[in-house]
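Here is a briefing on two spots in one structure. Please keep the sequence and the model at hand.

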Amino acid sequence: MEKTIKILWVDDEIDLLKPYILFLREKGFHLETANNGDDALVMVKELDFDLIFLDENMPGLSGLETLSRIKLIRPNVPVVMITKSEAEDIMEEAIGSKIADYLIKPVNPNQILLTIKKNIDTKRLVSEKTSSDYQIQFSQISSRINSASGYQDWVDIYRLLCFWEIELDNSSQSAMDEVLLMQKSEANKGFARFIKSNYKTWFDPKVEDKPLLSPNIMSSRVFPLLDKGEKVFFLLIDNLRFDQWKVIEQEIRDFLKVDSEELYCSILPTATQYSRNAMFAGLMPLEINNLYSGVWLFDDDEGGKNLREKELFEKQINRLGKDYKFRYEKINNLRAGKKLLDSVSDLMNFDLNIIVYNFVDMLSHARTEMEMIRELANNESAYRSLTVSWFRHSHLLELIKLLSKQKIKVVITTDHGTIRVNNPVKVVGDRQTSTNLRYKLGRNMDYDPKLVYEVKSPEEVHLPKANLSSKYIFATNDDFLVYPNNYNHFANYYRNTFQHGGISLEEMLIPLITLSSANYDRTDN
């Protein structure tokens, strides 16, 4: 049964509006009336209206005064201002007070009906149209998943899936959410098969059709900008997925222009220790371990695994004969973010500023460990929403606002993404086996090889091994790797948490965005 729309009409000449009132009631709307602002406010406190028509010119409490008080009581109810005046200052004040719409007297019944449709039915109509459009595309996307053969095919599929995820976030047709989740799961199964068949070939210099990988980000996307004399801010947001980029993109577009948007491929394991060190070193982990004694730490070694990033970057630019003046900062808390903002003028003295923001990574870990955060981000849509909320109030956005006034290039990227895991897979290992839920490094492991991607010879994918017989296994799809000891406890604890390290579209296909300040003079390039 459809909900009856409840409307309040406030006008000091309400008796003259009886034809409109009868017209709307015949259309099935529940209509209440008030002939002054004070009575209207009493009704707004007592009743929950879907829409309010408000006369601007009333004796006593004016329309604008009534509007401001309505917003204090019911901030989300749409208010349509009706006025005889077209004075610009009145319109500006009404719009500034967040009216949903305004009409100029005299109005006709069709205008009123159209306004109701626009302000109440729009969301429903858009929702239905979005769901219908996705249903039409469902078969086309499934066909693309089944026929995908190259890296770019999977990039295009993932872009489509992210687009529909975000579109359906704004839809009330929840049935389609489940359908999309199933289709995304099918895509991840296909992508896992693709990675198993092709990942090793990407390290063969003779193979040309391969994606941009973590070690090549700086040399292929950042150094060319610096070599042209650009000042570059390289902003790495740890754990940022492509869908999260898309929902914060509009906030950024208000200040910076997007020059290019691409998806590059994180190396395996999709974990900070591997992918970010590879990015800053310009080398795969095996080469880092071989070339720089003591820099690489294995999973079971004591000490932080990402404390040598600045040193690794210095080694990369020295190895390539570059002489950039750069600064490296890692932002882990509000204090560090504020301190960075206060030093923006100093940052402009460097050719390159590398700034690592760890908030999204901390959010995903906090969601695992804190029940409150798990409740706030109980699904993918809520996780995206929480990311937007953080970004809107972050020092990172404040930095972007300041940078928009400078003649600079900004590169926004990440080191890996993350996936919500649901299916526990048993792995038996000794004490030296790594503890990550999406990959394992160890000697004596027992597992079902059909359920993982196993790399028995790590050197084939340029990964170091802690022992001669070490091998890696990677979880695929939404699986996570759990030891048999206390299996049920850990399976339940980690189910429906965000993890990384394995093979999925979300973890491996990650954003790489190049932007310029809004006032950037492109003729200077």
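Which residues point one way from β18, and which the other way? L509, P511, I513, L515 and S517 point one way. I510, L512, T514 and S516 point the other way. All are buried (under 20% relative accessible area with a 1.4 Å probe, protein chains only; exposed is over 50%, partly exposed in between).

This is a predicted model: local features need pLDDT of at least 70, side-chain atom pairs count only at pLDDT 80 or more, and totals for chains, interfaces and linings use all residues. Residues are numbered from 1 along each chain as its sequence is written, and side-chain values use heavy atoms, with hydrogens and water left out.

- Strands (E, at least two residues) and helices (H or I, at least four) are DSSP runs, numbered from the N terminus.
- In a regular strand, side chains alternate between the two faces of the sheet.
- Strand β7 (residues 256-265) pairs with β18 in the antiparallel sense over 9 bridges; pairing requires at least two DSSP bridges between two strands.
- V258 stands opposite L515 in β18.
- Strand β10 (residues 409-413) also pairs with β18 in the antiparallel sense, over 5 bridges.
- K409 stands opposite S516 in β18.

**N198 in helix α7**
- Helix α7 covers residues 175-198 and includes N198.
- N198 counts as partly exposed because its relative accessibility is 23%.
- A polar atom of the N198 side chain lies 2.8 Å from the backbone oxygen of F194.
- S149 is 49 residues from N198 in sequence and 10.0 Å away in space, C-alpha to C-alpha.

Methods: A polar contact is a pair of N or O atoms within 3.5 Å; within protein, one must be able to donate a hydrogen and the other to accept it, and residues adjacent in sequence count only if both atoms are side-chain atoms.
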